[in-house]
Every structure is written in structure tokens, then in C-alpha cells.
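Colleague: I would like to learn how to read a few features in a model like this one. Where do we start?

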Amino acid sequence: MYKRKLLALNYQQPDSFNVADDSQFRNMVLWLEDQKIRHYKIEDRVPLRNIQSDEWSKALDLYLQQLNCPWNAKDKSALIDWLLGYAVRLEYGDNVEKYKAVTPESVHLCRTGVSGQASNPLETLNFDDPNFKAGVTSLCMMLQIPPHPDHLQQLKAICLLVKEKLSKEAIAAISSSSTETKAEQIPLDKMELGFEAGDYIMNDAAKILRLLHIKDLRELQTQINTAIVAVQAITANPKTDSRLGKVGR
């Protein structure tokens, strides 16, 4: 009975939730507060986080009182249903413009991937057509991408190259760097590998792999920094619920 609301809240396992299981019930209350409702400040959520404590029920009662919830833990089913509905309402309030654009057709397309008319021309392509394979091969030759027996792997390589070298962001970065001091380019044969792979070809391949690994690590660090900033923006700016007359959700 909770599946639709759990799906609306992007809960990872909507089919497996069992309200009769006390552990799952407590974890669900905590998940809703942590991820969706956010009525408490982070430091005030400690009593709810300690789901193994004998005092957890008291913490839940106090939490429900502050939310003006009409149900208590004696009726877990009704309580969870109310909390889910409240969380869905808050989620909608945070993204009104996004959900205004939702139509039955877009929901059906999202669920089934089928629509009356394909809006994406790539959906109608036959990737095994000889002409398509020939086009991929021609592109690889133009972009100096090494040959590969699988044309789909070549297509992935083309996409990566276009994304990293020919996208708007990449072109803008090149344009901006041209007006600044250019970084010193070190030839591959001048780089120190740190070990010997057996011959110069293997050494060069190992150097390239190391450089690619460093590049991936830098991208990962950038994504981590972005995630940290996003989390800080949420935790440092609690929302105000005017009906409760206090800061917090």
C-alpha cells in the first residue's frame, strides 16, 4: 500500500518494505526525516538515529508531536502512510515547476520507454546496418581513433573524444587557456615511470595508463567536492515551515 509513495520519493526498495518489522519501521522513519522531511537540525536527529535504544519510542513520540501528526506508534500502518504523504507534499513543494510539467504521457514513457512517436531519432537507428558501421569507421579514421573489431566500442570511443575535446565546455576551456599562460607540456619520453615494463612500447603504454588513472582521480575528486558543496548547501540552509512557527522542516 506504500509502493506508489515510496516510488515518488525515490526509495530504493519499495517492494521489500514491511511496516510490521520494527527495525524496518524505525529505519523508514529515520530515512524520511534525514532525506525528505528534515524537520530537525542534523545534530537534533541523534535520538532518532539510535534505533536500537529503549528511548527511541519516546523520541518518536516527541517528533510526531512537533510534526502535529494525528497518529502515534500504536498504529504503525497509518503513521507511516501519513509520514509518506507529508514527505511527498514537501517534495512537491520543493519542485513545483518540475512536477507541473509532468503529464500522463511522460509518466507512461518513463515507465515503459514506449511512446506513440519517437522524439529521439537515435531510437529508430539500426546499429547493425552496414551503412552505419561504415559511417563509424569513417569517423574513427577522421578522428584518428584506433581500429576495433566491435563498431559499438568504436562508437563509445568517438563519444568520449567528442565529449572531452569537442564539447562546448572543452572548446571554452581551450579558448580561455589560450589567453592565459599555457601549461608546460612534457613529452612522454621525458616522463619517469618508476619501474621498467620490459621494453619501450610497454613503458609508454604504462605511462599512458598512469596518466589516465590520474585524470580519473582528478575527476573523482571534483565530483566529491561537488557532492560536499551540495550537502553543505542543504544542511546549512534549513527551510522554514511557517505553520509550525519555527526554523526547520
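Modeller: With helix axes. An axis here is a line fitted to C-alpha atoms, over the stretch in contact, and the angle is taken between N-to-C directions. Keep in mind that this is a predicted model.

Colleague: At what angle do the axes of helix 2 and helix 4 cross?

Modeller: At roughly 40 degrees. The two axes come within 12 Å, and helix 4 covers residues 56-66.

Colleague: Why is helix 2 called oblique to helix 4?

Modeller: Angles under 35 degrees count as roughly parallel, and 65 to 115 as roughly perpendicular. A crossing at roughly 40 degrees therefore makes helix 2 oblique to helix 4.

Colleague: Is the crossing of helix 2 and helix 4 left-handed or right-handed?

Modeller: Left-handed.

Colleague: Which residues make the contact?

Modeller: Helix 2 supplies Phe-25, Arg-26, Val-29, Glu-33 and Ile-37. Helix 4 supplies Trp-56, Ser-57, Leu-60 and Tyr-63. By class, the contact has six nonpolar residues, one polar and two charged.

Colleague: Now a single side chain. Is Lys-36 buried or exposed?

Modeller: Buried means under 20% relative accessible area. Lys-36 has 11%, so Lys-36 is buried. Lys-36 sits in helix 2, which spans residues 22-37.

Colleague: What does the side chain of Lys-36 reach?

Modeller: The backbone oxygen of Leu-9, at 3.3 Å.

Colleague: Compare that with Arg-49. Where is Arg-49 placed?

Modeller: In helix 3, residues 46-49. Arg-49 has 37% relative accessibility, so Arg-49 counts as partly exposed.

Colleague: Which residues is Arg-49 in contact with, leaving aside neighbours within four places in sequence?

Modeller: Leu-30, Asp-34 and Ile-42. Take Asp-34: Arg-49 and Asp-34 are 15 residues apart in sequence, and their C-alpha atoms are 9.4 Å apart in space.

Colleague: Let us step back to the whole chain. How many helices and strands does the protein chain have?

Modeller: Eleven helices and two strands. Read from the N terminus, the order is α-α-α-α-α-α-α-α-α-α-α-β-β.

Colleague: What share of the residues counts as buried?

Modeller: 22% of the 249 residues in the protein chain. Lys-36 is one of the buried residues.

Colleague: And sequence separation? What share of the contacts joins residues at least 24 apart?

Modeller: Start from contacts between residues at least 6 apart in sequence. Among these, 41% join residues at least 24 apart.

Definitions and conventions: Residues numbered from 1 in each chain as written. Predicted model: local features only at pLDDT ≥ 70, side-chain atom pairs only at ≥ 80, totals over all residues. Heavy atoms only, no water. Helix = DSSP H or I, 4+ residues; strand = E, 2+ residues; numbered from the N terminus. Buried < 20%, exposed > 50% of the residue type's maximum accessible area, 1.4 Å probe, protein only. Polar contact = N/O pair within 3.5 Å; in protein donor to acceptor, adjacent residues only side chain to side chain. Axes fitted to C-alpha atoms, helices over the stretch in contact; angles between N-to-C directions. Parallel < 35°, antiparallel > 145°, perpendicular 65-115°, else oblique. Left-handed = near helix turned anticlockwise from the far one by under 90°. Contact = heavy atoms within 4.5 Å. Nonpolar A, V, L, I, M, F, W, Y, C, P; charged D, E, K, R; others polar.
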